[in-house]
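Here's a quick briefing to go with the model you're about to open. Have the viewer ready and click along as you read.

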Amino acid sequence: MEAAQIVSLLIQASYFVAAVLLILGIKRMSSPVTARSGIQWAGIGVLIAVVATFFHSEVPGHVLIENAALIFVAIAASTAIAWIWGKKVAMTDMPQMVALYNGMGGGSAAAIGAAALLGAATQTHFENHLTTTQTLLAVIGALIGSISMTGSIIAWAKLDGRMDKTFRFGGQKLVNGACFLAALLIGLYSVWHLQTQWIVLFFALALLFGVLMTLPIGGADMPVVISLYNAFTGLAVGFEGYVQGNIALIIAGTVVGAAGTLLTRLMAKAMNRSIANVLFSNFGGGGASAQEIKGSQKPIEADDAASLLYMADTVIIVPGYGMAVAQAQHKIWELSKNLIARGKSVKFAIHPVAGRMPGHMNVLLAEAGVPYDLIADMDDINPEFPNCDVAIVIGANDVVNPAAKTDKSSPIYGMPILDVASAKKTIVIKRGKGTGFAGIENELFYQDNTNMLYADGQDAANKLIAGLKAVDGGGGH
């Protein structure tokens, strides 16, 4: 067997190993117990694929040699930036980082498509041998990748507070539709008539559409949007993998695209809405519920709240984005351990779209060391609320709002929620009287069995811990 054949076999074997590691890694990410190792496995798979690509026969040697310095500088710089950023990023900023990194993935796929299409148009390097099928897939991958990149950047800006949660103007849907149709038609035209000026215009329109598509989407829909753009990125990578003849990219992109699509469907289902409704409705854009909420919010002191917890047998804690803002997850877990030490049953209830990205609350609780068997999802925990003595809501708002069941004029009507309203007693830890990310008032805060503990999450947890110890004369742990 010739040396070239041996190298080719080793490359294909490396791609196969990389693909297997990526698939197993994503599988392990589905459980909090194995998520960390899943990320590590997938990372090793990506590293193997990157190294193998340097020896790929489809990449001319002179191309690698001429650009070796730039390639290694880019790898070193990006690795250093990602490592430092990953170490320093606050949990409240994690959704923004996920959105940006996803946008980079989409942008990379679009860049591969751009190199292939422009190379074929100018007859440079190895891209001029594209078949019609490869050219079509390059266009599709570039379109999806471009939309994912700029759309993810807008999502980052909204999550980071750098842009209003919604931005709308008259005739917006018509403008958006015309932009997408123009990009699609120019892209299809370019499949058979590769000309530089048309390719450049195609990319400009595709990038613009990503911006226009994301601008009107409300902030409350960002978890679904992030998941959708993740699916887009995966599909774009898979298409461009076919163009490059790279099996690892094809498999990895397909798996990520499929996982992102399933997650998007689950997230949309958790809000009782279709994906089209998420993309084209005005949900999450602010405004109040049409029904006037009667009554008033009833404050409670921390010592009184601690007494309620001391007398309770069952406690359910519902975390939300406010807990992340206050970085209160560690103190809440300390409070929980104090309750458990006193013989209380304590569970955490997680809504699928709580926070600013899929799984945000699970990540926070895992960081604090909360055992996985104490964390329950919405469907499992909802039947337990009627028998719950005290429910503690910290930072959650829209996902516990009874208006989703009672107010047909509410923007969130029909969205499945955590049934906190049916608990015997509810304590809401909140810094003030503001509305949630969807911009609507919460009926739960006005119920007779609800009391508001106005305080920062960490401060409230500390006072509740001290209050518990004071009630039993310093007993417990």
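Start with Asp-389, which sits in the loop between α15 (378–381) and β4. Its side chain reaches the backbone nitrogen of Asp-313 at 2.8 Å, and a polar contact of 3.4 Å joins it to the side chain of Lys-424. Bear in mind that this is a predicted model.

**Around Asp-389**
- Leaving aside neighbours within four places in sequence, Asp-389 is in contact with Ala-312, Asp-313, Thr-314, Lys-424 and Lys-425.
- The mean pLDDT of the protein is 85, with 90% of its residues at 70 or more.
- Over residues 283–290, the pLDDT is below 50. Beyond near neighbours in sequence, that stretch still has 28 contacts in the model.

**Helix α11**
- Which residues of α11 (residues 302–311) are buried? They are Ala-302, Ala-305, Ala-306 and Leu-309.
- Looking down the axis of α11, these buried residues fall within an arc of 100°, so they line one face of the helix.
- On the other side of α11, Asp-303 and Met-311 are exposed.
- The cover over the buried residues of α11 includes β1 (314–319), α13 (329–341), β4 (390–394), β5 (426–430), β6 (450–454) and α17 (457–471).

**Helix α14**
- In α14 (residues 360–368), the buried residues are His-360, Met-361, Leu-364, Leu-365 and Ala-368.
- Seen down the axis of α14, they stay within an arc of 125°, so they line one face of the helix.
- The buried residues of α14 pack against α4 (94–122), β1, α12 (321–326), α13, β2 (345–350) and β3 (375–377).
- Just after α14, Gly-369 takes a positive phi of about 90°.

**Nonpolar cores**
- The largest nonpolar core has 119 residues, and Val-318, Phe-348, Phe-385, Val-400, Leu-418 and Val-420 touch the most other members.
- Take Val-400: not counting residues up to four places away in sequence, it touches Val-318, Val-393, Ile-417, Leu-418, Val-420, Asn-442 and Leu-444.
- Another core lies apart from the largest one; it has six residues, among them Tyr-15, Ala-49, Ala-52 and Ala-248.

**Loops worth a click**
- Asn-272 is in the loop between α9 (247–270) and α10 (275–280).
- Asn-272 touches Gly-414, Met-415 and Pro-416, not counting residues up to four places away in sequence.
- Gln-327, in the loop between α12 and α13, has a positive phi of about 50° although it is not a glycine.
- Gln-327 is partly exposed, at a relative accessible area of 31%.

**Cysteines**
- A search of the whole structure finds zero disulfides.
- Are Cys-179 and Cys-388 buried or exposed? Cys-179 is buried, with a relative accessible area of 7%, and Cys-388 also counts as buried, at 1% relative accessibility.

Technical notes
Residues are numbered from 1 along each chain as its sequence is written. This is a predicted model: local features need pLDDT of at least 70, side-chain atom pairs count only at pLDDT 80 or more; totals for chains, interfaces and linings use all residues. Side-chain values use heavy atoms; hydrogens and water are left out. Buried means under 20% relative accessible area, exposed over 50%, partly exposed in between (1.4 Å probe, protein chains only). Helices (H or I, at least four residues) and strands (E, at least two) are DSSP runs, numbered from the N terminus. The arc is that of the directions from the helix axis to the C-beta atoms. Contact means heavy atoms within 4.5 Å. pLDDT is the predictor's confidence in each residue, from 0 to 100. A nonpolar core is a set of buried Ala, Val, Leu, Ile, Met, Phe, Trp, Tyr and Cys residues joined through side-chain atoms within 4.5 Å. A disulfide is a pair of cysteine sulfur atoms within 2.5 Å. A polar contact is a pair of N or O atoms within 3.5 Å; within protein, one must be able to donate a hydrogen and the other to accept it, and residues adjacent in sequence count only if both atoms are side-chain atoms.
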